[in-house]
Amino acid sequence: MEHEENARKQSRVRPDGAGKVSGSLQYLTDLYFPDMLFGKILRSSFPHARILSICTEKARQLPGVKAVITHKDVPGLNGFGLIVPDQPVLCMEIARYVGDAIAAVAADTIETAEKALKLIEVEYEPLPVIDTPEKAMAPDAPQLHDNGNVMHRAGHKKGDVGKGFEQCSFIVEETYRVPRQMHVYMETEGGVIVPEKNGTLTVYVGTQHGYKDRFQLARILGMPEEQIRIISSPIGGSFGGKDELNIQPYGAMLALITGCPVKIHQTRKESVISGLKRHPMKIIMKTGASKEGKLLAHKVEILADTGAYATLGPAILDFAVEHAAGPYMVPNVDVEGVSVFTNNGVAGEFRGFGGNQITFALESQIDRLAEKLGMDPLEFRRRNIRKAADAGPLGQRIAETNGASEVLEGISPAFEKRKAEAEKWNLEHKWKRRGVGAAIAMHGGGLGYGRLDPAGGRLSLTNAGKIQAAFGFEECGQGILAVIETIMVEELSCGVEDLEIVIGDTAVVPHSGSTTASRGTSMVWLAVQRMKKDFADGLLTGASRMTNIPEANLRLGNGGIFRRKGTHPIVTYRELAQFLSKDAPLIVSSRFDFPTTPDKIDSGHFLYSFSGVLVQVEVDILTGQIKMVHLDQTISAGPVVNPAGYTGQIEGGGVMGIGYALMEEAVMVEGRYAAENLDSYLVPSICDVPELKVMPVETLAEGDQYGPRGVGEIGTVAVAPAITKAIHDALGHWVQTLPVSAEEIITACGERGMNKWMKTT
Amino acid sequence: MDNGKQALRDEHIASEHEIFQPRGLPEALELKEKFGGEAIFIAGGTLIQLQREQGIELPRYLISLEKATELKGGVADEAGGVVIGALTPLADLRLHYAIVKGCGLLIVAAKGVGSPAIRNRATIGGNIIYGVGDLIPALLSLDAELTVYEQGGFREINLWEFIKNREEMKSFILASIKIPVRTLLDTERTFYRKIGRREAFIPSVVTVSGRCSIREDGRIADIRIAAGGGASAPQRLVRCEDKLLGAHLNSVTLKEIYSDICKEYTPTPDAFLGTRYRKLAAANVIVSELEQLIADREGK
């Protein structure tokens, strides 16, 4: 069935594709302006220190230096943060991580700016470094913020876990640890901030939510929001990492002070040190089942390391808590999460948003329990999986979906096949063993109940005769332009050439909310559904007035308005635009909120997508190295909008998941990054990528009115537990810490006597 | 605008750094003597570029060896062995029949270095002078001889001796590498294995290489075992070699060799992998190769 669907649907060439692959497209960091200066930011020398004094005198005197700023130069609020503005723009008294900004310089060359940074004299008094969440929670720990070291607590209770465990025949309790992963967008943070002659400011810097940047910058600069224009697309990758402000405040202040455009473009090292990472978490799970294989109780404790500042940390913990039982129906659940401040970088928003961490633990538990029960792991899942009309994980009403079962059954046939392949292969190989593992995930889209989550869009016919679709979304590599183009062409029946897509510029786009949380595709589709009738009616009415042909006999088509059965336009959109411009121009807009559960359950989601992951790995018994052989993903996220874009998101997400499971970790030693560049912080290269397969399940529940769901995150979520299960299948060894350590594997092989000479202890 | 920026950058380099391109080795050495620690030799420049990116200050004077006529890259099949010019790019090694025929290990080793672009620039000489280059274990197992140019002329030195004595050497320039001819016995096995934290474009964690041949009477006729990786200077595991040379492979148990390798190989840990892993992985690979050698022989 999926094959038919795919065959029916043609992949679209991305509107931005040619420019990107040929390198001709200009990113915002490629821009140059006359009299442009270069900015550099001085970051803290210590992960935790009191700042005794800052002297910028020598730096100012360096020829070519145009401005040096410190906390004294922040005109408005010296703080930013999407939820709580607890991160100083420029530190005054205390630096809480190695990326904390102390000062910034604008100079006529990058080299002069770099030299000037070295001339800024900062006197620090180093303070004890809190480099683990456990240390942060100690009773005598130094407090990093006024409200203490606990950034956020969240929990969810259902039934009585104590009683639940009493009834269990099998219980598994395990502690899982997941790493600090880096986004590694190809384009590091940067752009140009231009002070305009009329006193306004134009900010050419990539972000996931232009209006939110405008709001935060206005607060920092003490300027009305309307005087700031954010041009924020295209972006060379973000994955959540550019949702929060990064270099914008420094560029803006330097531009305002010098009256010149200021460009800041972080080096990779600067990006590593200052940028967000995925939250490392320690997750303790105790899960029990009856001997018939019914899950009865699930107790979860989450300890997250949020680093020095909050950003979206609270929401990420909420998300992890919500997804702690995932797609399984468990009568007794007790989840307690705490996210704490440390001096380890800043953890924040990242593709999967807390889901990847909790899903690794949850799916690992399910596989361990299945082994104890002596039950096929997929059958065990089948016995506990949610039904279409079941409530969501927090007990909230959600849009009906059978996605969980669909993805489970989607991977089921290939599971046996892959296992047979692996067993046959193992007979022929002495020093390598292959194994197969599977995992599933459920992932909420949108920000959840109780969060401002507005969406919207605008359709208009321009004077030049283009059908303009304007959205406040950003293009960060995910392919939103192709999504908008596809939906517009399909829903309005116009041609690609008739379209003009406008995004990423607060001067011209409507509010659509943030380009996060797998919400872009959903929101474009819903917005167009709301606007298409009024907009089409407007066009047809106009055409009818022009031609005296009744509206009922007209239709929209490629190039203009057609007679219902006509083969060529009788009025082109251009002619229609000229005709209509005499009266009021045709503009239709829509503002609505992302659909949420009707139940008042904070952070509860309403629309969910699902993934079923099947992997085959190859373990090198001699070296402990893991090589991926197959990664198959079945995805349930409603109809596919653009097959190439969909496949790209799931494959790319899958590869990111491989990195998370096998090699990515921003190791910190006493609050400092051990790997400051991509020579030692590793992401998979093409040689680490196995054969990939993506199988969409496009069905939605009958009467579903929400259309295609976004697939930006779902491809990353359940990859790691499938990999560790496959390792277990190959060796009989359970992994509980990511990324998988080659030393752990080599030791496990030794302990199992897989080589006759080994005698490791 | 882009060009304007480039000009500024070049100007900056020119103001602080000086690049020399001597036509011959005497002149190159003279420059090095003159500037001492403020100067470095540069050939392909791939490593120096990486170190610069890592924040290591670029020395003020760069002495490029690329124009030194004595150092032309290339390979010659001479009577005593294959001679490889120090400036031969790693990507070129596989183009020479003499290397393909007699030193296949080198091609395997070269193919695992960096990325194609790096291999086009990086030279075999640079890989050796780096001190921890991936080719060194392979060259050790092939008994490579180096020809170095010093004050007073050229001198030949065995690679293993060179590694042990390098600290004491005065200024020198590596001119060429010779892989001596050796008589092939019935059963010979060579191996090279680089282990990194991902499949490709990755620094080595453990690199092992070796060569072992067995006489007709079942005794080991010749053996070289070398191990390096990461920041560990490659070393020949000479105690293991001595123990095995002349011995019946069956008389020394694999378990014993495994344990000996773990004792003799002294790798350097980093933030990602410790000493223990490096020892275990190196020992496993080497012992598996010896086991295979026994199997090969028994198969005959």
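Where chain A and chain B meet, the contact takes 27 residues from chain B and 27 residues from chain A; here two residues count as being in contact if their C-beta atoms, placed from the backbone, lie within 7 Å. This is a predicted model, so to speak a computed picture: local features need a pLDDT of at least 70 and side-chain atom pairs count only at pLDDT 80 or more, while totals for chains, interfaces and linings use all residues. Residues are numbered from 1 along each chain as its sequence is written, and chains are lettered from A, with ligands numbered from 1, in the order in which they are written.

On the chain B side of that contact, the elements giving two or more residues are helix 1 (2-16), helix 3 (46-53), helix 11 (254-264) and helix 12 (275-299) of chain B. Helices (H or I, at least four residues) and strands (E, at least two) are DSSP runs, numbered from the N terminus. Helix 12 of chain B gives the most, with eight residues. Sorted by class, the side of chain B that touches chain A has 16 nonpolar, five polar and six charged residues. In this sorting, Ala, Val, Leu, Ile, Met, Phe, Trp, Tyr, Cys and Pro count as nonpolar, Asp, Glu, Lys and Arg as charged, and the others, Gly among them, as polar.

How confident is the predictor about chain A? Chain A averages a pLDDT of 96, and 98% of the residues score at least 70; pLDDT is the predictor's confidence in each residue, from 0 to 100. Residues 1-7 of chain A are another story: pLDDT stays under 50 there, and the model has five contacts beyond four places in sequence for this stretch.

Chain A is assigned domain 1 (28-127 + 183-277), domain 2 (281-448 + 599-751) and domain 3 (454-593), with bounds that come from an automatic or database domain assignment. The centres of domain 1 and domain 3 of chain A, taken over C-alpha atoms, are separated by 38 Å. Their contact takes 19 residues from domain 1 of chain A and 14 residues from domain 3 of chain A. On the domain 1 side, helix 7 (210-221) and strand 11 (228-231) of chain A are the elements that give two or more residues, and helix 7 of chain A supplies the largest share, four residues. That side has five nonpolar, 10 polar and four charged residues.

Next come some strands of chain A. Strand 19 (residues 454-461) and strand 20 (residues 467-470) of chain A pair in the antiparallel sense over four bridges; two strands pair if DSSP finds at least two bridges between them. A:Leu459 has A:Ala469 as its bridge partner in strand 20 of chain A. The two strands form a hairpin with five residues between them, and A:Gly465 in the turn has a positive phi of about 90 degrees. Strand 20 of chain A also runs parallel to strand 21 (residues 499-502) of chain A, joined by four bridges, with A:Glu500 as the partner of A:Gln468.

Chain B has an open sheet of five strands, in the order 4-5-8-6-7, with antiparallel pairing. Its edge strands, strand 4 (75-77) and strand 7 (153-158) of chain B, each pair on one side only. Six bridges join strand 6 (residues 145-150) of chain B to strand 7 of chain B, and the two run antiparallel. Within strand 7 of chain B, B:Phe154 stands opposite B:Tyr149.
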